[in-house]
Amino acid sequence: MTDFIAGNAPKVQTLTNILISVKAVWLSGHDPWDFEFMGEEFSARIYDYEFLERVENRELAFGHGDLLRVNALLTMSKVGTRTWSIVKVWEHISPNEPDSF
């Protein structure tokens, strides 16, 4: 068991309402999807079960250039490991859809 000392605890950053590019999706199971944010590629699990249910029910389809507007957590360990988690998906944006603004 690891003892957590204040200086050794991971740092968590909340990223609210950010746009991330979808690079690869997993349509079964709870495997991480692949994304890109500000030039950084990363894998993240999605914990928004309402969104995942919509994907499973075929309410959403994904293609090249799709974006997600999300709230995410970025956890940085003391040794520099970065772990992404998608906690809420607000919007799926397809490049074929007209602008919503």
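Biologist: Which residues have the most contacts inside the largest nonpolar core?

Modeller: The largest nonpolar core has 21 residues, a nonpolar core being a set of buried Ala, Val, Leu, Ile, Met, Phe, Trp, Tyr and Cys residues joined through side-chain atoms within 4.5 Å. Buried denotes under 20% relative accessible area, exposed over 50%, and partly exposed the range in between, with a 1.4 Å probe and protein chains only. At least two residues of this core come from each of β1 (11-24), β2, β3, α1, β4 and β5. Those with the most contacts inside the core are I20, F35, F51, W84 and I86.

Biologist: On what kind of model do these values rest, and how are residues numbered?

Modeller: This is a predicted model, in which local features need pLDDT of at least 70 and side-chain atom pairs count only at pLDDT 80 or more, while totals for chains, interfaces and linings use all residues. Side-chain values use heavy atoms, leaving out hydrogens and water, and numbering starts from 1 along each chain as its sequence is written.

Biologist: In what order do the strands of the closed barrel run?

Modeller: Helices (H or I, at least four residues) and strands (E, at least two) are DSSP runs numbered from the N terminus, and two strands pair if DSSP finds at least two bridges between them. The barrel is closed, has 5 strands and shows mixed pairing. Its strand order is β1-β2-β3-β5-β4.

Biologist: Which residue of β5 is the bridge partner of R45?

Modeller: Strand β3 (residues 40-46) and strand β5 (residues 82-93) pair in the parallel sense over 3 bridges. In β5, the partner of R45 is S85.

Biologist: At what angle does helix α1 run to β2?

Modeller: Helix α1 (residues 49-56) lies across β2 (33-37), β3, β4 (67-76) and β5. Axes are lines fitted to C-alpha atoms, for helices over the stretch in contact (heavy atoms within 4.5 Å), and angles run from 0 to 180 degrees between N-to-C directions. The angle between α1 and β2 is about 115 degrees.

Biologist: Is M38 buried or exposed?

Modeller: M38 is found in the loop between β2 and β3. Its phi is near 50 degrees, a positive value in a residue other than glycine. Because its relative accessibility is 74%, M38 counts as exposed.

Biologist: What is the relative accessible area of R58?

Modeller: R58 is placed in the loop between α1 and β4 and has a positive phi of about 65 degrees, although it is not a glycine. R58 is exposed, and its relative accessible area is 76%.
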